[in-house]
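Reader: Hi! I'm new to this one, could you walk me through it?

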Amino acid sequence: MAFSRTWLQYVCGLLFFISSISALKFDLEAKHGKNERCIRNFVAKDTLVVVTATIDGRKGDGMAVNINIKDAVGNEYGRAKDVVGESRQVFTSHADAAFDVCFENLLTGRPGNPYRHVELDIDIGADAKDWSAIQATEKLKPIEAELRRIEETISEIVTEMDYLRSREQKLRDTNESTNTRVKWFGIGTTMLLIALWGWQIMYLRAYFRSKHLI
């Protein structure tokens, strides 16, 4: 029991640490043609997601940064062209799938420095909600709003672990089914080889007898 509690605390702490990593910063080089750079996250179905991208530079400086948000099953959640400054896109996921936030910096002129600096912040689930507005609307105390936020975060962690457990169960079932099929295929192949070996012996014996060799 103590080991299980320690393991659960470790997992929860790790997930809280991952959720606290809010911003990603990188430089995006301007190029001709398609040159997307994508950041991937996994999200559960019907989950609120807020993508905030801050891009430096100015329009008409010889570069144009486009943003496209899509998931692995074909849903598209947002597309913005020639973005400068802060761009915020809010959506609710349609499926349990990974989604990509893709950037491309198109070269449209002759800039002095062919790079745009990008700062990306992705908030998912409870972190994506405006808790200040919720606190004001529902007239909650700061500690009550914080407890609500923690409660929703823990609920999301439990849901995520349940999903991972179900995925593990499906993978185990698939593995067992594959092992069973391989076993029966091996047995069938062995029996076929034995039957072929017996038929060859009988055929050769009949052939040699017909030639009066035995």
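Reader: Which residue in β5 is the bridge partner of Asn68?
Author: Arg79 is the bridge partner of Asn68 in β5. Ile67 also has a partner in β5, namely Ala80. Before we go on, this is a predicted model, where local features need pLDDT of at least 70 and side-chain atom pairs count only at pLDDT 80 or more, while totals for chains, interfaces and linings use all residues. Residues are numbered from 1 along each chain as its sequence is written, and side-chain values use heavy atoms, leaving out hydrogens and water.

Reader: Thanks! In what sense do β4 and β5 pair?
Author: Antiparallel: β4 (residues 63-71) and β5 (residues 76-80) pair over 4 bridges. Two strands pair if DSSP finds at least two bridges between them. Strands (E, at least two residues) and helices (H or I, at least four) are DSSP runs, numbered from the N terminus.

Reader: And how many residues are between the strands in that hairpin?
Author: There are 4 residues between the strands of this hairpin, and Gly74 takes a positive phi near 105° there.

Reader: Which strands form the open sheet, and in what order?
Author: The order is β2-β7-β4-β5, 4 strands with antiparallel pairing. β2 and β5 stand at the edges with a single partner strand each, so one side of each has no neighbour in the sheet. On average, neighbouring strands are turned by 10° against each other, direction ignored; the axes are lines fitted to C-alpha atoms, for helices over the stretch in contact, and angles run from 0 to 180 degrees between N-to-C directions.

Reader: How many bridges join β4 to β7?
Author: 9 bridges join β4 to β7 (residues 97-107), and 7 bridges join β2 to β7. Asp100 in β7 stands opposite Lys70, and Asp100 is also the bridge partner of Arg40.

Reader: Is β4 mostly covered or exposed?
Author: Mostly covered, with 8 of its 9 residues buried. Buried means under 20% relative accessible area, exposed over 50%, and partly exposed in between (1.4 Å probe, protein chains only).

Reader: Changing topic: how many aromatic pairs are there?
Author: The count is 6 aromatic pairs. Rings of Phe, Tyr and Trp (its six-membered ring) pair if their centres lie within 6.5 Å; planes under 30 degrees apart count as stacked, over 60 as edge-to-face and the rest as tilted. One of the pairs is Tyr77 with Phe91, stacked at 4.3 Å centre to centre with 15° between the planes. Tyr77 lies in β5 and Phe91 in β6 (residues 85-92), so the pair ties together parts 14 residues apart in sequence.

Reader: What does Phe99 touch?
Author: Not counting residues up to four places away in sequence, Phe99 touches several residues, including Ile39, Val43, Ile69, Phe91 and Ile122. Contact here means heavy atoms within 4.5 Å.

Reader: Where does Asn35 lie, by the way?
Author: Asn35 lies in the loop between β1 and β2. Asn35 is buried, with a relative accessible area of 15%. Leaving aside neighbours within four places in sequence, its contacts include Glu29 and Phe103.

Reader: One more! Which residues does the UniProt annotation "transmembrane region" cover?
Author: According to the unreviewed UniProt entry, it covers residues 184-204. UniProt positions are given in the numbering used here, feature names are shortened, and annotations may be inferred rather than shown by experiment. In the model, that span is 100% helix and 0% strand, and its end C-alpha atoms lie 30 Å apart.
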